Amino acid sequence: MLLELGKILESIKYETLPEVTREKAKVTLLNFLATGLAAANAPAAEAEISVWSSVGGAGDCVILGHSGRVSPLAAASVNAMMGQIYLFEDCHEHTLSHPGVVAIPVALALGQKSRASGKQVVEAIVSGYEAIGRIGAVLIAPGFPSFGQRPASTLAPFGGAAAAAKIFALDSHKTCDALAIAGNTASGVMEFVNSGAEDICLQNCFAAKNSIMAAMLAMKGIKGSASILDGHFGLGKAMNRKELDWSPALKAAPGHYMIDESFIKRFPGCGHVLATAQAAMALVAENEIATEEIEKVTIGVSKGGKEFPGVDYCGPYTGTISAMMSHQFMTASVLVFGEVSAKTVDMFDNPDIANIARKINVEVDEQVNQAAPHKTGAKIKILLKSGKEVSNYQQDIIPLNRDEVIERFISNAEDFFTSSQSQDIIDKALNLELLESVDELMSLLGKR
């Protein structure tokens, strides 16, 4: 099965990609740059940069918003971490994964090192999403997160390895080896939802480093188990406690790519709580609600939207991660501050947030549940002390569009670049195919 997937990935060429797929890759890339800059000065990013400095990580690649050049391993690792610190990343909903936070930093770091063209980087990004989407369609079977394994980090090494294989121009056999070697590092658990720790971001670091190493080893002739997914002792059975049918991983509609199915988050939070934040925003836009007048709040979601680890949690929030996973925090942030943003997420321990969060109950709503998984909606109902009740229903998530991603980049780049510098970055990112070397883009993204 894995060799067949390697052939599919090898066949991905810029010239034959539909325009919608090319555009999606570039917009998703720009969003990754925006989300990385939002977290460039976060303590976790600074800590990892200092670790790389202590072991001698100098090289040719840029860490977003920072001065100097580092090795591809260091750049991919740190940038991958920064891309998910505030959970503004993209989602591939069908596989509960976030391909861009690993496939993109790997493609950019290796692309900058090798002076790959913009077209090559687009191919690498699309390949990374394709590997994650196809493998995840089978591996992430119903109930997978309940075992404690995180879908996104389990799949991430495959996406990074596919992106790296594309930059290295590996053939289908060596791409298969890269994926197989990377599969031995598929890991990452969900306990961060209880601790509030930043393990979720560190999982990206490991995936980025491991996937690059996997592709480099494959390039040097090291073999991996081609049956690592579908073998009797492969990942499929090991992670799902049963044999799986892998045939869907090799099927796809002509001209359709997995990146086409991804969407970009509007709010900083887990994909399961985005519709909740959206419903809360719509509700406060329509009604004046004084927080001291709130008696109770009910949030209606799908069964998966209630049972996914960490999403039905009223606090206390011990860190930004536990807050961004929570329906209760999303709603409380909107009711107290009028928004959910990186700024309000950093105030995870605000007492007003805690007071409202304790009044919120999350339940399975039959209407929302019946629409899932094709639609990810949410209902919110607020009962005021006066007896008045206000409500809002959002049938599905509304992702960011191209113009909104541009706005996000401009906003997050303000502390690093002038407006003209930011516009230059935007132009190069959205016209990536014109670049002879992706270094033309990446060299603009360091600290000035």
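What separates K428 and D424 in helix α20? In this predicted model, the two residues are four positions apart in helix α20, which covers residues 419–430, and that spacing amounts to about one helical turn. K428 and D424 form a salt bridge, with their closest N and O atoms 3.0 Å apart. D424 is partly exposed, at 30% relative accessibility.

This pair is one of 15 salt bridges found in a search of the whole structure. Side chains of opposite charge can pair when their charged atoms come close. Another such pair is K113 and D60, whose closest N and O atoms are 2.9 Å apart. K113 belongs to helix α5 (residues 100–114) and D60 to strand β1 (residues 58–61), so this bridge ties together parts lying 53 residues apart in sequence. Both partners are partly exposed: K113 has a relative accessible area of 44%, and D60 has one of 30%.

A further salt bridge joins K265 to E89, with 3.1 Å between the closest N and O atoms. Here distant parts of the chain are linked, 176 residues apart: K265 sits in the loop between β3 (263–264) and α12, while E89 sits in the loop between α4 (72–82) and β2 (90–91). K265 is buried, with a relative accessible area of 1%, and E89 likewise counts as buried at 1%.

R408 is buried but has no salt bridge, and E89, the nearest side chain of opposite charge, is 7.8 Å away. What the side chain of R408 does reach is backbone oxygen: that of F88 at 3.3 Å, and that of R266, which lies 3.3 Å from a polar atom of the R408 side chain.

Turning to open space, the largest pocket has a volume of about 980 Å³. It is lined by 50 residues, of which E93, L96, H272, G304 and F308 are the closest to its centre. Helices α7 (151–167), α12 (274–286), α13 (303–307) and α18 (366–371) each supply at least two lining residues, and the largest share, four residues, comes from α13. By class, this lining divides into 25 nonpolar, 18 polar and seven charged residues.

The second largest pocket has a volume of about 220 Å³. Its lining includes L37, N41, Y86, A342, S411 and D415, with at least two residues supplied by each of α2 (19–38) and α19 (402–413). Seven of the lining residues are nonpolar, three polar and one charged.

How values were computed
Residues numbered from 1 in each chain as written. Predicted model: local features only at pLDDT ≥ 70, side-chain atom pairs only at ≥ 80, totals over all residues. Heavy atoms only, no water. 1 Å grid on protein atoms, 1.4 Å probe; cavity = no way out; pocket = protein on both sides within 12 Å on 5 of 7 lines; lining within 4 Å. Points joined across faces, edges and corners; volume = space filled by probe spheres on them. Nonpolar A, V, L, I, M, F, W, Y, C, P; charged D, E, K, R; others polar. Buried < 20%, exposed > 50% of the residue type's maximum accessible area, 1.4 Å probe, protein only. Lys, Arg positive; Asp, Glu negative; His and termini not counted. Salt bridge = Lys/Arg side-chain N within 4 Å of Asp/Glu carboxyl O. Polar contact = N/O pair within 3.5 Å; in protein donor to acceptor, adjacent residues only side chain to side chain.
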